[in-house]
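Welcome! Have a look at the structure below, and then let us walk through a few of its features together.

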Amino acid sequence: MKFGVTANPSIPHARKAAEVLVPLLEKKHTVECETELAGLLKRKGKALEAMHADVVLAIGGDGTVLRALQRTTAKVLGINSGSLGFLTEVTAEEFPSALRRLEKNEFTIEERGKVKVTVDGKRLQDCANEAVLHTANVAKIRDFEVWLNGTLLQNVRADGIIVATPTGSTSYNLSVGGPIVDPRVEALVVSAIAPFKPSARATVVPATVEIRVKVAKPKECLLVFDGQHEVALAGTEDVRFTGSERKARLIKFGDDFYRRIEEKLVGQR
């Protein structure tokens with residue numbers, strides 16, 4: 001089996017976990033490390049996009065997993081080197097057992113929807129969690145129009161608009177009062193950030209619809225992808241979102257979505 005390995009080397013616990021897991025993998029498997037990580041481990045590296053791995057191991061937290069899902073079409077196994085995350089499947093300490101299950105093909109692949117984003121007809125990167133169009137300045141409000149397949153859904157004055165996948169429904173969307181959506185549902189969630197009117201509500205729509213978000217009174221905005229990359233906009237652009245044909249592929253050893261909600265959001269009783 002051929003493994004790709006990515007981790008944020010600036011995070012000590014992620015780097016330490018990689019220093020243990022990479023030699024373990026190399027005993028029986030071909031391993032390629034992402035360039036910066038490889039330098040610290042004194043190995044030859046390769047860009048994640050250039051790897052032809054059967055499985056990519058994303059060591060760290062949910063941010064590392066999201067980054068891997070943006071850059072590879074391979075199956076991704078999230079390995080948490082810190083606290084429990086929504087996208088990581090096992091801890092670094094549990095990985096030896098997980099490796100044996102991988103070798104025996106005792107796992108499932110969970111495909112999750114992404115958001116396709118276009119600006120003036122040009123396709124930008126897909127998002128596994130959410131795409132956000134928000135004001136370019138702190139504490140500034142904008143007038144947004146949200147259209148679904150050419151029909152006006154709402155006019156809303158807010159700091160921004162979030163278009164989230166079910167995976168991302170437990171992230172930024174949840175923090176602004178949006179609903180949790182089971183990742184098996186083919187849907188998108190449209191929610192406003194700090195709306196002027198409290199009556200503004202998030203809307204769950206089919207992933208097949210085309211969502212257009214227009215700045216009614218054009219001013220500078222930022223378009224943010226999974227909280228990791230951003231593009232500056234003038235506010236006059238044609239910005240559209242829909243479900244992507246490209247799927248995020250996560251390795252799972254069980255169905256624990258609701259258990260994680262209980263642990264992360266409700267707390268153990």
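How many disulfides does a search of the whole structure find? The count is zero. Keep in mind as you read that this is a predicted model. The points below start with the cysteines and then move on to rings, a loop and a sheet.

**Cysteines**

- A disulfide would need the two sulfur atoms within 2.5 Å.
- Cys-221 has a relative accessible area of 2%, so this residue is buried.
- Cys-33 counts as buried too, because its relative accessibility is 2%.
- The cut-off behind both calls is that buried means under 20% relative accessible area.

**Aromatic rings**

- The structure has one aromatic pair. Phe-257 and Tyr-258 form this pair, with ring centres 5.0 Å apart.
- Is the pair stacked or edge-to-face? The planes of the two rings meet at 80 degrees, so the pair is edge-to-face; the cut-off for that label is over 60 degrees.
- Those two numbers are given together because a pair of aromatic rings is described by the distance of the centres and the angle of the planes.
- Phe-257 is itself buried, because its relative accessible area is 10%.

**A threonine in a loop**

- Where is Thr-72? You will find Thr-72 in the loop between helix 3 (62-71) and strand 5 (75-80).
- With a relative accessible area of 13%, Thr-72 is buried.
- The side chain of Thr-72 reaches the backbone nitrogen of Ala-74, at 3.0 Å.

- Six strands make up an open sheet, and their order across it is 15-14-13-10-17-18. The pairing in this sheet is antiparallel.
- Which strands are at the edges? They are strand 15 (203-206) and strand 18 (229-233), and each of them pairs on one side only.
- On average, neighbouring strands of this sheet are turned by 20 degrees against each other, with direction ignored.
- Inside the sheet, strand 10 (residues 130-135) and strand 17 (residues 221-225) run antiparallel and are joined by five bridges.
- To see how these two strands line up, find Ala-131, which stands opposite Phe-225 in strand 17.

Key
Residues numbered from 1 in each chain as written. Predicted model: local features only at pLDDT ≥ 70, side-chain atom pairs only at ≥ 80, totals over all residues. Heavy atoms only, no water. Buried < 20%, exposed > 50% of the residue type's maximum accessible area, 1.4 Å probe, protein only. Phe/Tyr/Trp six-rings, centres within 6.5 Å; stacked < 30°, edge-to-face > 60°. Helix = DSSP H or I, 4+ residues; strand = E, 2+ residues; numbered from the N terminus. Polar contact = N/O pair within 3.5 Å; in protein donor to acceptor, adjacent residues only side chain to side chain. Pairing = 2+ DSSP bridges. Axes fitted to C-alpha atoms, helices over the stretch in contact; angles between N-to-C directions.
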